[in-house]
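The sequence and the model are shown first, and the description follows.

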Amino acid sequence: MHTGNYTKVRKVLWLILMANIGVAAIKIVIGYISGSNSLMADGFHSLTDGSSNVIGLIGIHFASKPHDEDHPYGHKKFETLAGFLISVMLFILAARIIAGAIMGFVIPSVPIVTDESIIAVIGTLMANLFISRYEHAQGEKLNSTILISDSLHTRSDVFISAGVLFTLISIRIGLPPVIDSVASLVVSGFVIHAAVEIFRDTCGVLLDKAMVDSERISKIIMEFEQVKGVHNIRSRGCSNEIFIDLHILIDPDTSIEDSHLLMHQIEKRVYNELYTPLQMSIHMEPFYEGRKHLDF
């Protein structure tokens with residue numbers, strides 16, 4: 001990611017942090033006054049949204065550092081690591097919601113439903129929906145893993161708010177208070193789903209999962225007339241930078257200058273096809289008709 005993009009991501013995270021703190025304060029206060037456990041849980045979840053923003057800011061701070069002698073590939077994975085920590089926070093949050101729901105089955109509490117509490121939940125739900133969509137759009141625009149991960153975290157808050165709204169309306173029309181716990185269990189499922197989604201995506205990057213289909217790379221490179229074969233294609237990295245290394249077979253009489261030019265042409269062609277910042281390492285091998293290539 002370009003240094004300027006890190007600055008923009010940092011600004012978005014600060015903006016979202018302030019919004020989440022404001023939304024959380026409203027939910028917690030109204031939840032405490034009305035005695036709604038689900039509304040208070042929703043408020044504390046909004047605080048964890050703020051915590052995830054802080055983690056994101058820390059991750060971006062380190063990810064934006066330039067490469068150095070100890071980190072020749074840069075520090076970009078700090079952003080991915082921050083996203084991974086957000087998924088862990090969501091798993092913990094889901095466990096807390098489930099525990100609270102179970103307690104609600106054992107000792108049900110009847111929340112005081114007021115017009116103010118319903119209006120507050122609707123308002124915060126709409127706010128969270130806007131925040132989530134805005135952050136996700138900025139994440140795609142800036143090619144930021146942390147913004148996309150954090151937007152999924154905020155999106156889970158939308159489901160929680162919807163569950164709280166359902167609970168308050170259900171209590172208002174006369175359903176038993178146990179509906180609060182039932183709604184909390186349903187909401188925990190959405191939180192776990194968001195956690196799994198972030199966990200899967202971030203782990204793929206941290207564990208160097210292949211970022212590009214090898215067949216696609218092979219097809220692009222074989223379009224060059226000078227290339228007689230390609231193998232040992234590997235890729236890794238993240239959405240804002242991909243590293244690719246491979247072996248190609250070329251005529252043994254090709255000069256060093258022509259080979260060098262060919263490598264630059266291949267890298268440019270692959271970049272134009274993927275349209276993602278990338279670094280390629282190409283190992284040249286001589287091609288002899290009827291002889292197998294060397295794998296080393």
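Phe84, Phe91 and Phe199 form a single aromatic cluster. The model described here is a predicted one.

**Aromatic pairs**

The count of aromatic pairs comes to 6. In the pair of Tyr73 and Phe243, the ring centres are 5.1 Å apart and the planes stand at 90 degrees, so the pair is edge-to-face. Tyr73 lies in the loop between helix 2 (37–63) and helix 3, while Phe243 lies in strand 2 (residues 241–250), so the pair ties together parts that are 170 residues apart in sequence. Tyr73 counts as exposed, at 51% relative accessibility, whereas Phe243 counts as buried, at 11% relative accessibility.

**Helix packing**

Two packed helices are described by the angle between their axes and the distance between those axes.

| Helix pair | Axes come within | Crossing angle |
|---|---|---|
| Helix 3 (residues 77–106) and helix 5 (residues 145–172) | 8 Å | roughly 15 degrees |
| Helix 4 and helix 5 | 8 Å | roughly 160 degrees |
| Helix 5 and helix 6 (residues 179–206) | 9 Å | roughly 170 degrees |

Helix 3 and helix 5 cross at roughly 15 degrees. That angle makes helix 3 roughly parallel to helix 5. Helix 3 passes helix 5 in a left-handed crossing. On the side of helix 3, the meeting residues are Glu79, Thr80, Ala82, Gly83, Ile86, Leu90, Leu93 and Ile97; on the side of helix 5, they are Thr145, Ile146, Ser149, Asp150, His153, Ser156 and Ile160. The residues of this contact of helix 3 with helix 5 divide into 7 nonpolar, 6 polar and 2 charged.

Helix 4 and helix 5 cross at roughly 160 degrees. These two helices are therefore roughly antiparallel to each other. The crossing in which helix 4 passes helix 5 is left-handed. Within the contact of helix 4 with helix 5, the residues divide into 14 nonpolar, 10 polar and 7 charged.

Helix 5 and helix 6 cross at roughly 170 degrees. That makes helix 5 roughly antiparallel to helix 6. Helix 5 contributes to the contact with residues including Ser149, Leu152, His153, Arg155, Ser156, Phe159 and Ile160, and helix 6 with residues including Ile179, Asp180, Ala183, Val187, Phe190 and Val191. The residues of the contact of helix 5 with helix 6 divide into 12 nonpolar, 7 polar and 3 charged.

**Individual residues in the helices**

Thr80 lies in helix 3 and counts as buried, at 1% relative accessibility. Leaving aside neighbours within four places in sequence, Thr80 is in contact with Thr145, Thr202, Val205, Leu206 and Cys238. Of these, Thr145 is also among the residues of helix 5 that meet helix 3.

Ala101 lies in helix 3 and is buried, with a relative accessible area of 1%. Not counting residues up to four places away in sequence, Ala101 touches Ser181, Ser184 and Leu185. Ala101 and His283 are 182 residues apart in sequence, and their C-alpha atoms are 58 Å apart in space.

Ile119 has its place in helix 4 (residues 115–142). With a relative accessible area of 59%, Ile119 is exposed. The C-alpha atoms of Ile119 and Gly174 are separated by 19 Å, and the two residues are 55 residues apart along the chain.

**Backbone angles**

Most residues other than glycine have a negative phi. Which values does phi take at Asn143 and Asn232? Phi of Asn143 is near 55 degrees, a positive value in a residue other than glycine. Asn143 is placed in the loop between helix 4 and helix 5 and counts as partly exposed, at 28% relative accessibility. Phi of Asn232 is near 50 degrees, also a positive value in a residue other than glycine. Asn232 lies in strand 1 (residues 227–238), and at 36% relative accessibility Asn232 counts as partly exposed.

Terms used. Residues numbered from 1 in each chain as written. Predicted model: local features only at pLDDT ≥ 70, side-chain atom pairs only at ≥ 80, totals over all residues. Heavy atoms only, no water. Axes fitted to C-alpha atoms, helices over the stretch in contact; angles between N-to-C directions. Helix = DSSP H or I, 4+ residues; strand = E, 2+ residues; numbered from the N terminus. Parallel < 35°, antiparallel > 145°, perpendicular 65-115°, else oblique. Left-handed = near helix turned anticlockwise from the far one by under 90°. Contact = heavy atoms within 4.5 Å. Nonpolar A, V, L, I, M, F, W, Y, C, P; charged D, E, K, R; others polar. Phe/Tyr/Trp six-rings, centres within 6.5 Å; stacked < 30°, edge-to-face > 60°. Buried < 20%, exposed > 50% of the residue type's maximum accessible area, 1.4 Å probe, protein only.
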